[in-house]
Amino acid sequence: MAEIRATYLLPKWLKSYRRQWLPGDATAALIATMMLVPQALAYGTLAGLPPHIGLYAGLFPLIGYALFGTSSVLSVGPVAVLALMTASAVSPIAPPGTDAYIEGTILLAALSGVFLLAMGLLRLGALSNLLSHPVINGFVSGAATLIILGQVGPLLGVESSGNTLVQLISVTISDLETINPFTATVGVTAVAMLICARLGLARLARRLGLNESGAKLLARVAPMLVLLLAITLAYFLHWDEHLEVVGSIPAGLPKLGLPAINWGLTYQLLLPALIIALLGFAESLSVAHAIAQRRGERLDPNAELFGLGAANLASAFSGAFAVTGSFARTAINDEGGAHTPLSGVMAALLMVLVLLFLTGLFEQLPLCVLAATIIVTAANLIDVKGFVHNWRYDHADGSAMAGTFLGVLMFGVEAGIGLGIALSFATLVWRSSRPHIAVVGRVSGTEHFRNVLRHTVETRPQILFLRIDESLFFSNISAVEDRLLSELKRHPDIRHLVLILSSVNRIDGTALERLFQVNRDLKSRNICLHLSEVKGPVLDRLSRSKLLGQLTGRIFLSTYIAELALRQDTQQEPQAGQT
């Protein structure tokens, strides 16, 4: 019985694990760890914490996700955007780096984990659709821009603080007189090296005979190589005498446990924690879906909520900050040959070795090189192509993305994401309030009805067919009524108005009352109102009202049947060739 219970508790991927997958998982874990270490140090700094806490965020969260998550390659851990959101949420409460600040970041991660687990229990995986993709892109691009501006100070050796574009620029410019030339030289050189590695290292490696996948992997671990080079030079050339370095990093594993519960602090962090949970889930799921579709795998959004919730709780218990899936490390996991979440577990074991034996190696790491790593990584998150594409395809999506981007820059990350959510709903309401309505006619010799503006169709002067391509509710029924009145003016001879409701999935109470008014108005004009292609659930609701009993016309199963029946009533020849 105990053996059966233990088997039940094992994750699905472990039950069906194959021995031949082990080399791929091990290789991916090694390469991902080489990428994770510099990112963890950098994002810990970005979150306003000692750098080694970033390493803690790359340890137990990997195991927590592996127990419940369904993606075979998703790499969960510290990411730039959540690090910035953590700093934005907690810095108004306590000075960065203090015990109170660290307590706030831990509590924020715990609350995010609780929210994610609660959403998983309630099976709210569909909440990933709460934010539209353009809004997420706008938020990430805005946050990445703030990250870059915030790291210009450490890169040049000057002070830099603030949560908005204006604050960051004004503080940095005012302190440019105190720039450290040596720090600036090292920092800018590191930026140049990282950019060259990102843009040209893979191409150079291919020319030297390395295969495609190997060249990509080399380019992705370039930040680790740059950091190792900087550490080596700093150690032998005593750079710590001329610029700031990371300094002492405590060796050993993090102590497990949560700080004492502070209800006042909990109340202050509830909204930021919910926002971090939603945004982290949406970002993580989009990354995992992109890889899963290419691999032919299926994801369970509700299980992903459990996985991310467990990861954030694990991060909190290990004294770290909020985490989610990383696009860059997930991509490198995929390219490295990962088959299952075991690669994440093995990466966590490698992080144990780093924390136990290699922390001293990073003590000579210049902070300006860490800033360079953050800047180059964040620059890759700014989606200029996405903005151009969204604007060309749909101005509403482009406006929502631009509005969110500017909101983050001008008002900060929390206000920016709030604005993004508002813009998502505003875009939805705006589109729904302007439903597409088409006058249709029958294609000659067929039973098909098409838009008179797009096809050559037959129409009849006494019969008007209108197709409504949207559900009817309070925000769009006025637009529908206005269109009906305008069509009545354009067709003064009609005696039958047929509303084609094939695309209408719901009619709310406000829309129902207005349909009563339309029916009465048409009756006063001696025009019969007919309904065609009404869906079953909609018809069931209408049958519970008095509209069907008062309807001046009939309900038809198909528009073709409606035309046949009404043509016999009117006995009018069709007008052919309308376009």
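**Why these labels? A chat about a predicted model**

Colleague: What makes Thr-105 count as buried?

Modeller: Its relative accessibility is 0%, and buried means under 20% relative accessible area, exposed over 50% and partly exposed in between (1.4 Å probe, protein chains only). Thr-105 therefore counts as buried. This is a predicted model, where local features need pLDDT of at least 70 and side-chain atom pairs count only at pLDDT 80 or more, while totals for chains, interfaces and linings use all residues. Residues are numbered from 1 along each chain as its sequence is written, and side-chain values use heavy atoms, leaving out hydrogens and water.

Colleague: Which residues is Thr-105 in contact with, leaving aside its neighbours within four places in sequence?

Modeller: They are Leu-49, Thr-86, Val-90, Ala-320 and Phe-321, where contact means heavy atoms within 4.5 Å.

Colleague: Nice! Why is Arg-123 called exposed?

Modeller: Because its relative accessible area is 57%, Arg-123 is exposed. Arg-123 also has a positive phi of about 55° although it is not a glycine.

Colleague: And why is His-238 partly exposed?

Modeller: His-238 has 45% relative accessibility, so it counts as partly exposed. Its phi, near 55°, is positive too. Most residues other than glycine have a negative phi.

Colleague: How do you know that H21 and H22 are roughly parallel?

Modeller: Helix H21 (residues 477–490) and helix H22 (residues 509–524) pack at an angle of about 15°. Angles under 35 degrees count as roughly parallel, over 145 as roughly antiparallel, 65 to 115 as roughly perpendicular and the rest as oblique. H21 and H22 are therefore roughly parallel to each other.

Methods
Axes fitted to C-alpha atoms, helices over the stretch in contact; angles between N-to-C directions. Helix = DSSP H or I, 4+ residues; strand = E, 2+ residues; numbered from the N terminus.
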